[in-house]
Structures are given as C-alpha cells and as structure tokens.
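Q: Could we read this model together, one feature at a time? I would like the general idea before each case.

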Amino acid sequence: MSRKNDEKIQKTIERMKKIRQKDTIYLRNLIEEKLKWVREEKEKLSDIIKNLEKQLDSYNKLMLKLEGAEITLCDLLGKEQDEVWQIGIQKSEPDN
C-alpha cells in the first residue's frame with residue numbers, strides 16, 4: 001500500500017513540475033512581450049522629447065531675435081521699451 005501511495009505521490013509531483021514549467025515558460029514569454037512593448041514606448045517617448053527639445057530651441061532662438069528687434073526698434077524711435085509697448089497696445093486696440 002505504501003508503495004502505491006509513493007507512486008501516486010511521485011506522479012503528482014511530476015505533474016506539478018510539468019505544470020510549473022509551463023507556467024514559467026508562459027510567464028517568461030509574457031514578461032518578454034511586455035518588456036519589448038516598454039522598450040518600443042520608451043523609444044517613441046525619446047523621439048517625442050527630442051522633437052520637443054528642437055522646437056524649444058527654435059522658439060528660444062526666435063525669442064532672442066524678437067528681443068533684438070525690439071531693442072533696435074526702441075533705439076530707432078528713441079523711446080523706452082515700455083513706451084514702445086504702450087504704442088503697440090494702442091495701435092492694436094480697435095477704434096471706438
């Protein structure tokens with residue numbers, strides 16, 4: 001009787017090992033798939049960040065040019081920056 005029980009126990013152990021192996025393979029594949037997805041998304045985000053950095057750099061260069069133009073305009077008009085802004089605001093307001 002003990003021998004029969006030992007055989008049953010051994011078969012059960014073998015079945016459990018096979019199930020665990022299948023689960024391990026499944027989980028490994030699932031993890032690899034998710035890791036691949038994360039890497040792809042990371043690459044996309046990296047590209048987006050690079051693009052945004054380029055846009056920010058272009059914006060900063062444009063702002064420097066505008067500041068230079070504003071200083072030049074102030075010099076040409078012989079007025080202070082606030083005065084030039086005030087003239088611009090008055091000109092942009094609709095006539096009543």
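Q: Leaving aside neighbours within four places in sequence, which residues is glutamate 70 in contact with?
A: Contact means heavy atoms within 4.5 Å. On that reading, and with neighbours within four places in sequence set aside, glutamate 70 touches Gln81 and Trp85. Glutamate 70 itself lies in helix α1; helices are DSSP runs of H or I, at least four residues long, numbered from the N terminus. A word on the source: this is a predicted model, where local features need pLDDT of at least 70 and side-chain atom pairs count only at pLDDT 80 or more, while totals for chains, interfaces and linings use all residues. Residues are numbered from 1 along each chain as its sequence is written, and side-chain values use heavy atoms, with hydrogens and water left out.

Q: Is glutamate 70 buried or exposed?
A: Buried means under 20% relative accessible area, exposed over 50%, and partly exposed in between (1.4 Å probe, protein chains only). Glutamate 70 is buried and yet has no salt bridge. Its nearest side chain of opposite charge is lysine 79, 14 Å away; in this count Lys and Arg are positive, Asp and Glu negative, and His and the chain ends are not counted.

Q: How many salt bridges does the rule give?
A: Side chains of opposite charge can pair when their charged atoms come close. The rule asks for a side-chain nitrogen of Lys or Arg within 4 Å of a carboxyl oxygen of Asp or Glu, and the count comes to two. One joins lysine 44 to glutamate 41 at 3.2 Å, N to O; these residues of helix α1 are three apart, about one turn. Lysine 44 is partly exposed at 47%, as is glutamate 41 at 27%.

Q: Which residue does lysine 61 pair with?
A: Lysine 61 bridges to aspartate 57, with the closest N and O atoms 3.4 Å apart. About one helical turn separates lysine 61 and aspartate 57, because they are four residues apart in helix α1.

Q: At 54% relative accessibility, how does tyrosine 26 count?
A: Tyrosine 26, a residue of helix α1, counts as exposed because its relative accessibility is 54%.

How values were computed: Helices (H or I, at least four residues) and strands (E, at least two) are DSSP runs, numbered from the N terminus.
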